[in-house]
Amino acid sequence: MSWSSPGGPGRLAGDGAVVARAPAKVNVHLAVGPLRADGFHELRTVYLAVSLFDTVTVRPGDGLALTLTGEGAAGAGADAVPTDRRNLVWRAAELLAERAGVPADATIAVDKSIPAAAGLAGGSADAAAALVALDALWGTHATRGELAALAAQLGSDVPFSLQGGVALGSGRGEQLSPVLARRRWDWVLGIAGEGLSTPAVYAELDRLRAAGRLPDGSDLDSPEPVIAALRSGPVPALAAALANDLQAPAVSLRPALRRALRAATDAGAQASLVSGSGPTVAALAEDEEDAVRLAAVLAGEGVYRTVRAVYGPVPGARLVG
Ligand code: C5P
């Protein structure tokens, strides 16, 4: 890795703050292979970055300090996000500092719109935004490739949160290749009151497979139909191609998801699927106007804690301001 010597801060606001934001994601295709020896599953997934963003503000500090506002902040119950070393942002800061050979000194404020434990890669978005913001604050001048390598060490979805757009993910999800999307896709996210643990959903998939209740995953479904639909498709083509192997185990752990998925299609969504490991429901709309209508209908039904109309693709982690 070729780190330039710290050359002073990147982009600073008046009080020395650097601000970055990163998007949530929906997996429009998620095929899960068998459990690997390293505890991860081999994936073929198509990620789509959507317009729900967390914002990370970093300032000069003495040691690391982390605060959190918005979704998942203290008081939000079981899904409350830790603000110590267990938080991926903290680990991102330590990793960047260590690799760049600078002291890990920063005061970090995360303002969350992406709910935690929702299948939307909220923690990964925070880590990706933190890498970008701290790289500017510390003047470490990492290349995108160097940041991507750090991102892959932090979590399977962090490289995508950094890159954004649309991408095919393989390996455990961290190996990315770009996918072309010619248009914007509008969605409504139905967000549940209580999160689901990603490892628990993967473990439930393994359990259902071992019991013979699901195919064993040795044949990974091809992402090609989804990729073709994203490239050139009318909305019904993408609707027909959406697939997620984690949906069955998420529904098994959270039977209310069945009703949440049906509520979206009953309200006129083109299709609905569980986002990642859930429990967020991603409902595909015809266009922006349809998404606004759908969001209003679904907000009135009381099936979800909250609903958000979003679109994708959007860029990955970026400095703002
Ligand atoms: O990479 P990340 O820390 O986000 O993964 C969280 C957990 O999700 C892992 O510890 C593992 O249990 C599960 N996982 C998996 N296969 C993947 C990605 C995640 O089993 N490809």
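This is a predicted model: local features need pLDDT of at least 70, side-chain atom pairs count only at pLDDT 80 or more; totals for chains, interfaces and linings use all residues.

**Reading strands, helices and a ligand shell**

Reply: Gladly! Residues are numbered from 1 along each chain as its sequence is written.

Me: How should I read a strand pairing, and which strands does β1 pair with in the antiparallel sense?

Reply: Strands of a sheet pair through backbone hydrogen bonds, either parallel or antiparallel. Strands (E, at least two residues) and helices (H or I, at least four) are DSSP runs numbered from the N terminus, and two strands pair if DSSP finds at least two bridges between them. Here β1 and β2 are antiparallel over 15 bridges, and β1 also pairs antiparallel with β12 (residues 318-320) over three bridges, where V19 has V320 as its partner. With β8 (residues 243-244), β1 pairs in the parallel sense over two bridges, and L30 stands opposite N244. The β1-β2 hairpin has five residues between its strands, and G39 there takes a positive phi near 90°.

Me: Is β1 enclosed or open?

Reply: A residue is buried if 20 or more other C-beta atoms (placed from the backbone) lie within 10 Å of its own, exposed if 12 or fewer, and partly exposed in between. In β1 (residues 18-35), 15 of the 18 residues are buried, so the strand is largely enclosed by the rest of the structure. For contrast, look at D62 in the loop between β2 and β3: D62 is exposed, with 9 other C-beta atoms within 10 Å.

Me: What is the strand order in the open sheet of four strands?

Reply: The order is β9-β10-β7-β11, with antiparallel pairing. The edge strands, β9 (271-274) and β11 (306-312), each pair on one side only. Neighbouring strands are turned by 25° against each other on average, direction ignored; such angles run from 0 to 180 degrees between N-to-C directions, with axes fitted to C-alpha atoms, for helices over the stretch in contact.

Me: Which way do the side chains of β10 point?

Reply: In a regular strand the side chains alternate between the two faces of the sheet. In β10, V281 and A283 point one way, A282 and L284 the other, and all are buried. As for partners, V281 is bridged to V274 and L284 to W187.

Me: Which helix lies across β7, β10 and β11?

Reply: That is α10 (residues 288-299), running at about 15° to β7. Contact here means C-beta atoms, placed from the backbone, within 7 Å.

Me: How do I check a helix's length, say that of α2?

Reply: The expected span is 1.5 Å times one less than the number of residues. For the 17 residues of α2 (residues 122-138) that gives 24 Å, and the end C-alpha atoms are 24 Å apart, which agrees. Moreover, 17 of its 17 residues are buried.

Me: Finally, which residues are around the ligand?

Reply: A residue is near a molecule if its C-beta atom, placed from the backbone, lies within 6 Å of it. Among them are G39, H41, D157, R172 and Y202. Helix α5 (198-210) gives the most to this shell, with three residues.

Note on methods:
Two residues are in contact if their C-beta atoms, placed from the backbone, lie within 7 Å.
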